[in-house]
Amino acid sequence: MPEHRSVWKNEQIRKQIQILDHQAAPSILLKNAVILHSYLKQWIRGNVWIAGDRIVYVGNDVPQQAPLEIKDCEGLYIVPGYIEPHAHPFQLYNPQTLSRYAAQYGTTALISDNLNLLFQKNQKKALTLLKAFHQQPQHHYWWARFDLQSEVADEDFILSPDRISAWLDHDCVLQGGELTGWPSLLAGDDLMLDRIQEAKRKRKRVEGHFPGASERTLTKMKLFGADADHEAMTGKEVYERLLAGYTVALRHSSIRPDLPRLLKEIKELPISSCEHLFFTTDGATPAFYREGVTNPLIKMALEEGIDPIEAYHMASFNIARYYGLDHLHGSVTPGRYATLNFLENPAEPNPVHVMAKGEWLKLDGEDVQKVKEEIPWKEAGFSPLTSNWGLTADDLQFSMPLGLDMVNGVIIQPYSVTLDLAADELPDRQDESFLALIDREGNWRINTVLKGFADVKGLASSFSATGDILLIGKNKNDMISAWKQMIEIGGGITIFENGRTIFELPLKLNGTASTAEMPELARKYTEFHDCLKERGYRFEDPIYTLFFLSSTHLPFVRITPRGIFDVKKKTILFPAIMR
């Protein structure tokens with residue numbers, strides 16, 4: 001059933017009215033609470049009646065029919081469940097494990113990137129996942145991407161008009177974007193403009209991705225139809241976006257931990273309202289979430305002196321209203337989902353109890369989520385990675401005159417290669433490694449050299465922007481061994497050194513995501529990062545490095561399925577070759 005258009009049947013609504021008329025009993029009574037009333041912008045005392053998954057009354061009355069459950073909330077503050085408006089739910093974790101974990105810290109709704117689902121050739125199967133996620137206790141909504149962030153041979157099929165329309169028609173899809181490919185729009189790409197126009201006709205939001213954009217560019221993108229942007233890195237950039245009529249997501253993520261600076265600088269600017277601001281963690285990697293998802297961001301805002309009601313609205317009400325979900329989410333008022341966080345103090349946004357859709361997910365600090373049916377990943381095309389082709393020394397022949405030099409964890413510039421690449425091993429203490437991107441089906445490859453991975457001997461990863469295979473290392477034999485082990489575990493990340501495995505992380509969902517729960521995944525991520533740092537990797541987030549090696553929305557050159565790509569000139573410098 002479409003979640004954000006018609007949630008409750010007539011029969012259910014009539015029963016809810018009977019409860020209000022004292023002719024039937026609510027399922028839960030929350031009494032003696034202090035409630036954040038988002039329409040009054042006040043804290044009020046009162047009782048909350050819940051029928052199934054819906055709030056049916058908020059006020060001072062108590063039901064005459066005995067509820068099935070009564071919880072005395074004396075000394076507790078009730079606020080709406082937090083919403084993550086910009087999730088990338090396949091950063092090693094998957095949407096189910098992320099949402100289960102996030103809910104324990106009060107983030108009960110995710111609005112998620114569909115990039116990994118787009119790469120599933122059977123779109124009907126991919127879309128069935130949205131229905132399965134709707135059955136989960138947490139709330140799941142999605143984006144519809146208009147570009148793939150890389151140069152992919154079958155892009156015309158993946159982003160065909162009928163496939164994009166199928167996503168935009170789905171009621172759990174709330175927006176088009178994010179528009180990482182906006183430079184092509186400025187250059188005259190009418191196909192992308194058509195997609196934006198279709199999203200607008202279907203009453204969907206359009207999210208931008210405009211790092212460093214000038215006032216003129218922001219204005220042009222507003223005219224094209226962009227509604228929001230999350231790429232402001234200074235208070236001035238927040239102000240410029242608000243001035244142009246954008247809603248602005250304030251970001252705090254593992255590669256852009258900007259929120260403390262943004263909050264300080266916003267206070268110094270003529271921004272008198274937070275009504276068009278909200279928070280996002282922008283798809284941070286697992287270890288970043290050790291203290292929760294949205295709750296640490298609210299805490300930062302409170303510590304910076306943001307009014308508590310404004311801070312909680314930036315995590316809930318503002319987001320719900322922006323996406324047109326405020327009839328279901330974002331406030332503790334009648335008619336909304338009974339998705340609530342219970343705080344001991346408004347200064348501490350990590351809740352002691354969490355409820356979603358009228359079910360307790362956390363009580364007295366303990367996880368009480370009921371075991372739900374697992375997501376049918378296999379039926380949707382997400383299975384362990386297999387291979388019907390073999391990697392040989394012939395695949396690791398290198399003669400590329402142009403290499404990739406990592407300026408930081410995500411920015412890459414070209415350089416001229418002077419090394420003798422015919423050798424089976426490159427010298428230690430010289431920061432150059434072999435780099436290969438190989439089609440997951442074994443049809444093509446592109447080989448070059450990379451600066452930034454120091455003395456890693458052999459790394460294989462099926463985690464990449466396109467789901468193809470990355471090989472990095474100084475020793476070709478260790479690179480081949482790492483590939484074999486990666487296939488053996490059904491996809492993932494493996495590191496070999498001197499003929500032995502020193503790290504492996506299985507990613508059994510198509511080689512791109514793990515089924516492990518978040519705490520275990522955070523531990524494995526930290527182990528991976530430490531392993532690379534011990535060998536000279538000097539950047540902050542290796543998962544984003546692996547992902548962004550193929551992402552053509554970042555300067556200056558990328559290794560893509562079509563070849564080495566010049567981002568500024570939008571041209572293939574050296575094409576991929578058939579195996």
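Ser331 is buried, at a relative accessible area of 3%; buried means under 20% relative accessible area, exposed over 50% and partly exposed in between, with a 1.4 Å probe and protein chains only. This residue is placed in the loop between α14 (317–322) and β14. Helices here are DSSP runs of H or I with at least four residues, strands are runs of E with at least two, and both are numbered from the N terminus.

The model is predicted: local features need pLDDT of at least 70 and side-chain atom pairs count only at pLDDT 80 or more, while totals for chains, interfaces and linings use all residues. Residues are numbered from 1 along each chain as its sequence is written, and side-chain values use heavy atoms, with hydrogens and water left out.

Leaving aside residues up to four places away in sequence, Ser331 touches Ser38, Tyr39, Ile55, Pro80, Phe317 and Arg336; contact means heavy atoms within 4.5 Å. The side chains of Ser331 and Thr333 are joined by a polar contact of 2.6 Å. A polar contact is a pair of N or O atoms within 3.5 Å; within protein, one must be able to donate a hydrogen and the other to accept it, and residues adjacent in sequence count only if both atoms are side-chain atoms.

Asn345 belongs to the loop between β14 (340–343) and β15 (353–356). With a relative accessible area of 39%, Asn345 is partly exposed. Its side chain reaches the backbone nitrogen of Ala347 at 2.8 Å.

Residues up to four places away in sequence not counted, Asn345 touches Tyr77 and Tyr312. Asn345 and Tyr77 are 268 residues apart in sequence, yet their C-alpha atoms are 6.6 Å apart in space.

## The enclosed helix α2

Helix α2 (residues 95–103) has eight of its nine residues buried, so it is largely enclosed by the rest of the structure. The buried residues are Pro95, Gln96, Thr97, Leu98, Ser99, Tyr101, Ala102 and Ala103. They pack against β7 (107–112), α4, β8 (139–144), β15, β16 (359–363) and α16 (518–534). At the start of α2, a side-chain oxygen of Asn94 comes to within 2.8 Å of the backbone nitrogen of Gln96.

## Helix α6 and its partners

Two packed helices are described by the angle between their axes and the distance between the axes. Axes are lines fitted to C-alpha atoms, for helices over the stretch in contact, and angles run from 0 to 180 degrees between N-to-C directions. The axes of α4 (residues 123–134) and α6 (residues 161–169) come within 11 Å and cross at roughly 15°. α4 is therefore roughly parallel to α6; angles under 35 degrees count as roughly parallel, over 145 as roughly antiparallel, 65 to 115 as roughly perpendicular and the rest as oblique. Gln123, Leu127 and Leu130 of α4 meet Asp162, Arg163, Ala166 and Trp167 of α6 in this contact.

α6 also packs with α8, at an angle of about 25° and with the axes 10 Å apart, and these two helices are therefore roughly parallel to each other. The contact is formed by Ile164, Ser165 and Leu168 of α6 with Arg195, Glu198 and Ala199 of α8. Within α6, Arg163, Ile164, Ser165, Trp167 and Leu168 are buried. Elements packed against the buried residues of α6 include α3 (115–118), α5 (155–158) and β9 (173–179).

## The pair α11 and α12

Helix α11 (residues 259–267) packs with helix α12 (residues 295–303) at an angle of about 35°, and their axes are 10 Å apart. Leu259, Pro260 and Leu263 of α11 form the contact with Leu297, Met300 and Ala301 of α12. By class, this contact has six nonpolar, no polar and no charged residues; Ala, Val, Leu, Ile, Met, Phe, Trp, Tyr, Cys and Pro count as nonpolar, Asp, Glu, Lys and Arg as charged, and the others, Gly among them, as polar.

## Backbone features

Most residues other than glycine have a negative phi, and most peptide bonds are trans. Lys41, which is not a glycine, has a positive phi of about 55° and lies in the loop between β1 (28–37) and β2 (42–51). Lys357, also not a glycine, has a positive phi of about 50°; Lys357 lies in the loop between β15 and β16. Lys41 is partly exposed at 44% relative accessible area, whereas Lys357 counts as buried at 13%.

The peptide bond from Gly177 to Glu178 is cis, with omega near 0°, and Glu178 is found in strand β9. Another cis peptide bond joins Pro555 and Phe556.
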